[in-house]
Structures are given as structure tokens and as C-alpha cells.
Amino acid sequence: MTVTTSALPLLFTEVEVVSVERLSPTFVRVGLGGPGLADFGVDGPRWDQRIKLVLPDPTTGAITSTEGADESWFATWSERSAAERGHMRTYTVRDVHGSGEDTVIVVDLVLHLEGDLVGPGSLWASTASVGDRIVVLAPRRGFPYGGIEFAPALGADLLLVGDETAVPAVCAVLEQLPDDATGTAFLEVPVTADVQDVRRPAGVDVVWLPREGRPLGVPLHDAVVAHLGIAGASVDVSPDEVDPDLWETPFYSSSGEDLPVGATGVGGTYAWIAGESKVVTGLRRHLVNELGFDRAQVAFMGYWRRGVAMRS
Ligand SMILES: Cc1cc2nc3c(=O)[nH]c(=O)nc-3n(C[C@H](O)[C@H](O)[C@H](O)COP(=O)(O)OP(=O)(O)OC[C@H]3O[C@@H](n4cnc5c(N)ncnc54)[C@H](O)[C@@H]3O)c2cc1C
């Protein structure tokens with residue numbers, strides 16, 4: 001049964017898997033649809049819009065209930081046991097098809113099935129089939145929701161950097177950019193077969209960096225420092241220096257830094273960097289400490305932390 005609550009300024013609704021496509025060894029593309037998405041939308045471009053998927057607990061397979069959800073839905077949801085409430089994970093709207101009750105949200109999920117701790121998101125993605133049901137939290141048209149971080153100054157040259165978890169966001173941004181946009185995107189993926197053909201403006205270069213067995217983040221780090229003219233710069237980030245909640249944007253600072261005040265100006269370079277928190281921390285150090293990037297023109301986001309499950 002699909003339940004949508006009209007009382008909420010966001011969508012908290014059950015959806016159905018309407019398509020599943022294995023894009024490559026690492027990525028599964030899932031289409032999510034249902035009448036509960038009829039009011040889905042944001043005012044203006046959705047850029048790197050994030051949403052939450054509430055995935056069933058792997059042992060029970062139960063789907064969390066959205067019945068009667070009101071402003072206190074989060075507290076009510078959190079109080080349930082994991083078996084009952086499932087697991088909330090953050091993903092990016094890779095694309096949107098259709099409209100009204102035929103709206104389909106497209107999400108690209110990374111499969112990371114190695115190691116002792118395989119998360120419910122990756123596990124769900126590995127078996128997702130048409131007809132499966134989950135719950136999404138997503139923006140309702142006409143209401144503020146947040147979750148869009150991409151905010152370059154007018155005419156800024158773009159530096160977009162991400163590992164596989166940020167590939168959906170960077171590709172979504174590339175496809176929405178105006179034709180006269182300029183810049184470079186660096187995307188690290190596990191293997192060459194993960195490289196995607198993405199639509200982009202002629203002035204934006206896309207550099208794919210398959211790891212092919214090299215340590216996580218090394219190809220990205222080396223390519224970005226070379227691009228910034230500080231080739232050879234190394235950074236040693238110790239585990240206790242990494243903020244697992246790393247989120248430093250012009251609008252929010254997880255470390256409590258002062259946020260920039262006022263207009264972001266025009267031109268210059270805008271850097272959007274997302275991925276594993278330690279890797280992002282290292283790159284942040286170069287951009288902010290060594291190169292003195294303007295705080296108003298950078299977004300550094302820890303999309304995941306090695307060895308640490310997302311809180312749900
Ligand atoms: C704003 C935002 C947007 C995001 N968009 C996407 C997206 O579109 N697609 C996507 O796939 N992910 C995306 N992510 C990342 C995703 O939320 C995390 O990777 C999340 O940890 C996956 O949940 P899980 O249940 O699979 O693993 P968890 O239960 O959170 O973690 C279990 C274990 O898996 C490890 N792990 C988590 N992710 C990875 C990974 N990618 N590779 C290797 N090990 C990993 C953890 O370190 C932990 O040891 C996004 C994150 C944010 C904050």
C-alpha cells in the first residue's frame with residue numbers, strides 16, 4: 001500500500017522499484033516510482049539534490065510504515081527498532097523521468113560488498129528487483145527541503161571532484177550545466193568498466209580515474225594536485241584528524257568554522273569535492289591551507305567514512 005502524507009512539507013512515501021539496470025561492476029541504476037511522488041520537485045535546478053532511502057532491515061525485510069506521519073515523524077520513526085524502521089541512507093537524485101503520478105526518480109547505487117561490514121544500502125542494491133518496495137524522503141514541490149550544495153559564483157570555473165559515491169551527483173550536475181560552463185571534473189571509480197558516458201558542456205573536461213587496485217583516493221589526490229599546479233604535494237591525514245561527519249560548505253561547517261557572509265562574487269574557481277571523508281580531508285587541506293581557496297567557493301563533503309556505517 002502506498003501512503004503519502006499531505007501534512008508534511010516533504011515526501012515521506014513508499015515507492016516501488018520500476019526498473020533495475022546493472023550499469024557496470026560497481027553501479028546499479030534503480031528507478032523508483034509511485035503515486036506518492038506526484039508532488040516531487042524542487043524550485044529551480046536540482047543539481048546534486050540528495051534524498052534519503054529507508055531500506056528494509058536485511059533480516060526482516062520489513063518496510064517502514066509511513067502511515068499517519070506528521071511533523072514528529074522523525075522522532076516516531078527513530079523510536080522503532082531497526083528491524084521495524086529499516087535503515088536510512090543518503091543518495092543522490094541522478095535523474096527524474098515523467099511527471100505527476102508517473103514520476104520516476106533514478107538513483108545510482110554503489111555496490112560495495114567486500115569486507116566484514118556490508119551495509120544495508122549496498123546489500124539492498126545487490127538484490128533490488130522490479131516490484132520491490134522501499135520508502136523515500138524527498139523534496140515536495142513548493143516547500144523548502146535543502147539538500148542541494150552545488151552553488152558556484154556566476155561564471156566560476158568549476159572543479160568537480162568525487163569518488164564513486166559522488167559520481168551520480170557530479171554526472172547529474174554536468175548534465176544540468178549551462179552550455180557555456182567551463183571547468184574540469186575528476187571522477188575516481190574502482191575499475192575501467194565503471195567509466196560512464198556523460199553529457200557535459202564542451203568547456204568542461206571529464207577525467208575518469210579508474211583505481212584498478214591502487215589505494216582509495218590516491219588517483220584522485222594525484223590528479224587534482226597536478227591540476228592545481230602543486231604536483232607532488234602529499235598529505236598525511238591521521239585517522240583521528242578525520243571528521244566522519246565532514247561537511248564544510250558556504251552554508252554549514254561541521255567543525256564550527258565561521259561561515260562566509262554576503263555575496264559570493266563573480267568568477268574565480270569553485271570547488272565541489274565529495275567522497276570518502278579522509279580523502280576529502282586531504283584535498284581540503286591543499287585547497288584551503290596551501291592555495292587559500294575562498295571559503296565561499298568551496299564545498300567539501302564526506303559522503304562516507306571507511307569502516308564506519310552511516311547512522312540510521
Ligand atoms: C549527500 C550524499 C549523497 C550520496 N549519494 C550517493 C549515491 O548517489 N550513490 C551511492 O552509492 N552512494 C551515495 N552516497 C554515499 C552513501 O550514502 C554511503 O556510501 C553509505 O554508507 C551507503 O550505505 P550502506 O548501507 O551501503 O553502508 P553503511 O552501512 O553506511 O556502511 C557499511 C560499511 O560499508 C562501508 N562503505 C560505505 N560506502 C562504501 C563505499 N562506497 N565503498 C566501500 N565501502 C563503503 C562503510 O565504510 C562501512 O564499513 C551519498 C552520501 C551522501 C552524504
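Predicted model: local features only at pLDDT ≥ 70, side-chain atom pairs only at ≥ 80, totals over all residues.
Residues are numbered from 1 along each chain as its sequence is written, and side-chain values use heavy atoms, with hydrogens and water left out.

Let us begin with the ligand. There are 25 residues around the ligand, and those that come nearest are Arg-89, Thr-90, Val-110, Arg-305 and Met-310; a residue is near a molecule if one of its heavy atoms lies within 4 Å of it. On the side-chain side, an N or O atom of His-112 is 2.9 Å from a ligand oxygen. The backbone contributes too: a polar backbone atom of Met-310 is 2.7 Å from an oxygen of the ligand, and one of Val-308 is 3.4 Å from a ligand oxygen. The protein buries 94% of the 920 Å² that the ligand exposes when taken alone, with areas from the Shrake-Rupley method and a 1.4 Å probe.

Which elements give two or more residues to the shell around the ligand? They are β4 (87–92), β6 (104–110), α3 (120–127) and β14 (298–304). Here helices (H or I, at least four residues) and strands (E, at least two) are DSSP runs, numbered from the N terminus. The largest share of the shell, four residues, is that of β4. Sorted by class, the shell holds twelve nonpolar, eight polar and five charged residues, where Ala, Val, Leu, Ile, Met, Phe, Trp, Tyr, Cys and Pro count as nonpolar, Asp, Glu, Lys and Arg as charged, and the others, Gly among them, as polar.

Now turn to the aromatic rings. Phe-12, Trp-73, Phe-74 and Trp-77 are linked into a cluster by ring pairs. Rings of Phe, Tyr and Trp (its six-membered ring) pair if their centres lie within 6.5 Å, and planes under 30 degrees apart count as stacked, over 60 as edge-to-face and the rest as tilted. The count by this rule is seven aromatic pairs. Trp-73 and Phe-74 form an edge-to-face pair, because their ring centres are 5.4 Å apart and their planes stand at 85 degrees. Trp-73 counts as buried at 13% relative accessibility, whereas Phe-74, at 43%, counts as partly exposed; buried means under 20% relative accessible area, exposed over 50%, and partly exposed in between (1.4 Å probe, protein chains only).

Most residues other than glycine have a negative phi. Trp-47, in the loop between β2 (27–33) and β3 (50–55), has a positive phi of about 40 degrees and is buried at 16%. Glu-212, in the loop between β10 (204–210) and α5 (218–227), has a positive phi of about 45 degrees and is partly exposed at 48%.

The loop between β2 and β3 also holds Phe-40, buried at 8% relative accessibility. Phe-40 and Ser-99 are 59 residues apart in sequence, yet their C-alpha atoms are 8.6 Å apart in space.

Finally, find helix α4 (residues 167–176), which is mostly covered, with eight of its ten residues buried. Among them are Val-167, Cys-171 and Leu-174.

Methods:
Polar contact = N/O pair within 3.5 Å; in protein donor to acceptor, adjacent residues only side chain to side chain.
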